[in-house]
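Please keep the sequence and the 3D view at hand.

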Amino acid sequence: MATRQSTFLGRILAAPSILVLFLWMIVPLGMTIWFSLLRYNLLDPGNESFIGALNYEYFLTDPAFFTALGNTLLLVGSVLLITIVGGILVALLMDQPIFGQGVVRLFIIAPFFVMPTVSALVWKNLLMHPVSGLFAWIATSLGFQPVDWFSNAPLFSVILIVAWQWLPFAALILLTALQSLDGEQKEAAQMDGVGPFSFFFYIVLPHLARAITVVILIETIFLLSVFAEIFVTTGGGPGLATTNIAFLVYAQALLQYDVGGASAGGIVAVVLANIVAAFMVRLIGKNLEA
Amino acid sequence: MGSIQLKGVTKTFGNTSVIPHVDLSVEDGSFVVFVGPSGCGKSTLLRLIAGLEDTSGGEILIDGRNVVNEGPAKRGLSMVFQSYALYPHMSVRNNIGFGLKMAGLPKSEIAAKVEHAAGILNLTPYLERKPRELSGGQRQRVAIGRAIVREPKAFLFDEPLSNLDAALRVQMRLEIARLQKSLGTTAIYVTHDQVEAMTMADKIVVLNAGRVEQVGSPIDLYERPDNLFVAGFIGSPKMNLIEGPIAAGLGAKTIGARPEHITVTTDGTGTWQGTISVAEHLGSDTFLYVDVPNAGTVTVRTQGELGLKAGITVGLTPDPARIHRFDNAGKAIR
Ligand SMILES: Nc1ncnc2c1ncn2[C@@H]1O[C@H](COP(=O)(O)OP(=O)(O)OP(=O)(O)O)[C@@H](O)[C@H]1O
Ligand SMILES: [Mg+2]
């Protein structure tokens, strides 16, 4: 897109798809905004009336909202941290020439293909269950008291499950980036007398910066709306301990049958996601340039 | 100080022997060029010296000390790579100074050395730029800067100019040669371009299939090639190699005459008579391809413009003092 001519041409060619995408997005968004301004309860059908910003007022002043907001940010932040640090380590390991490399890679990627509901069930009933779980068995065989994960550390447990699911994604993207590191650069570093740690911090990590940015941006989008894992394991509890914004909206709509309030919550979530996205792009977006 | 000796160095990759056996000695301060056809093992030999590959056998002595079990950094050599291998996210300043930083030198000393190297290489205005913001020639100079700040015992160059255009190549060739002379540091330079080899080297090592064919000064190799391979490899256009009755008449299996050592006559005299098949006019020189019975196509280089065209019959007279004779094994008969 070097010349004005080609930029113009590019815009014209892209216009139809942009138009379709725009309609695709704007219709549901418009309807949600419209619902969010109505008094609209499924237990009281036919009585919808326009109430302006009242739904927003209720949603935003509900103490549950702030708990959910905190939980959301904590969940996203922790999972990002675990998957990126862990992903780099796994990628470094996978990059080593080991026996049966192909099979090892397949195994490591496997969690990403397991449905969130299924993996949450596996973790809940087979691993973390305080009586019949694997962790409990390990604890008892070592003579410790088994941990009741979902009552004692509910949010941490959810974080663990979600991180386990996203680790392969991060590892895979980081591995491809790692493999694109120029061989002569490694040799130049060898000649410069760069030790393994300096090599990692001065050469590998900067090389991975762009891939890490991509992982952060993509994961953030999905992690803001984690739902299945919470629904299956804790149901948002105990209390509000594992309720994030997505789960709060669900609770509003389908436990209290309040479509108007849920729509308002949905719009708030959209605004929040955009704030987070803008913040992220500001913070790390420069890594994506050039 | 930086003398390098190879004693019986061998290298095999799996079952293939890439370097069967090499003995070589590089004197302190000299500029040694490895030339040879593609795949003959020039890079491998250089990388063995650098320590980027393990030797399969033999000794590599740097200043008399066997270094085959030492890592690249310990050998005190620095290398300029074909792709430059600059660190893309570091400024020119940090690229040049990185080796010193890793060696734990104080910041002020690093800064001084980097500034000094940048001054020598005309890189001072670009110190804060990233490699991608530089031209090919400037990147090349950064790579050289990275090599010289460490004050190595020797520089190793692996075809450093092959990514540059012809004009820049000539200029950088001069700069590298001048820099090496002024620093007095030993240099080993790999190239397949024989003009680079002839112009830069104190000593040329001609390699063929991992074997050293001949070692000598450029003029030595040009005037006294030890064997057919060197005779055919050094010199452009290639030496004419003639077999058959003509060679037998001089008591050899093969004789060689360089295109520039053959005189052309059009008056019917001359040792050989032939017909010009192609004449290439370069202005300063004319290359004639002459079909001579019993000798095949003989290339002749004449100076100036003689008005010779394809189809004309000419007489060719090689300078008898500059005819090279080779025996059945391809060795020179002297
Ligand atoms: N890692 C390797 N494994 C197996 N064979 C190798 C390896 N590296 C090089 N070789 C072989 O060793 C021979 C010499 O390679 P080398 O790179 O030294 O050639 P070169 O003289 O530098 O050629 P060029 O002028 O094309 O760079 C080649 O035949 C190559 O195929
Ligand atoms: Mg090579």
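How many helices and strands does the secondary structure of chain A come to? Chain A has 13 helices and 2 strands, taken as DSSP runs (helices H or I, at least four residues; strands E, at least two) and numbered from the N terminus. The model is predicted: local features need pLDDT of at least 70, side-chain atom pairs need 80 or more, and totals for chains, interfaces and linings use all residues. Residues are numbered from 1 along each chain as its sequence is written, chains are lettered from A in the order in which they are written, and side-chain values use heavy atoms, without hydrogens and water.

**Chain A**

The C-alpha atoms of chain A fill a box of roughly 75 × 75 × 30 Å along the principal axes. Of its 290 residues, 38% are buried (under 20% relative accessible area; exposed is over 50%, partly exposed in between; 1.4 Å probe, protein chains only).

Chain A also carries a nonpolar surface patch. Its members are Leu19(A), Phe22(A), Leu23(A), Met25(A), Ile26(A), Val27(A) and Met31(A), with about 660 Å² of accessible area together. Leu23(A) sits in helix α1 (residues 4-36) of chain A. Leu23(A) counts as partly exposed because its relative accessibility is 47%.

**Cavities**

The whole structure holds 2 cavities of 30 Å³ or more. A cavity is a set of points on a 1 Å grid over the protein atoms alone where a 1.4 Å probe fits but cannot get out; lining residues have an atom within 4 Å of a point. Points are joined across faces, edges and corners, and the volume is the space filled by probe spheres set on them.

| Cavity | Volume | Lining by class |
|---|---|---|
| Largest | about 60 Å³ | 6 nonpolar, 1 polar, 3 charged |

Which residues line the largest cavity? Ala188(A), Met191(A) and Asp192(A) do, along with Ser78(B), Met79(B), Phe81(B), Ala143(B), Arg146(B), Ala147(B) and Arg150(B). α4(B) gives the most, with 3 residues.

The second largest cavity is lined by Ile144(B), Phe155(B), Phe157(B), Ile176(B), Leu179(B) and Gln180(B). β7 (154-158) and α5 (166-183) of chain B each supply at least two. The most come from α5(B), with 3 residues.

Technical notes:
On a 1 Å grid over the protein atoms alone, a cavity is a set of points where a 1.4 Å probe fits but cannot get out, and a pocket is an open set with protein on both sides within 12 Å along at least five of seven lines; lining residues have an atom within 4 Å of a point. Ala, Val, Leu, Ile, Met, Phe, Trp, Tyr, Cys and Pro count as nonpolar, Asp, Glu, Lys and Arg as charged, and the others, Gly among them, as polar. Patches are made of residues with over 30% relative accessible area and no salt bridge: like charges are joined within 9 Å, nonpolar side chains (Val, Leu, Ile, Met, Phe, Trp, Tyr) within 5 Å. Accessible areas come from the Shrake-Rupley method with a 1.4 Å probe; for residues, only the protein chains shown count as cover. A salt bridge is a side-chain nitrogen of Lys or Arg within 4 Å of a carboxyl oxygen of Asp or Glu.
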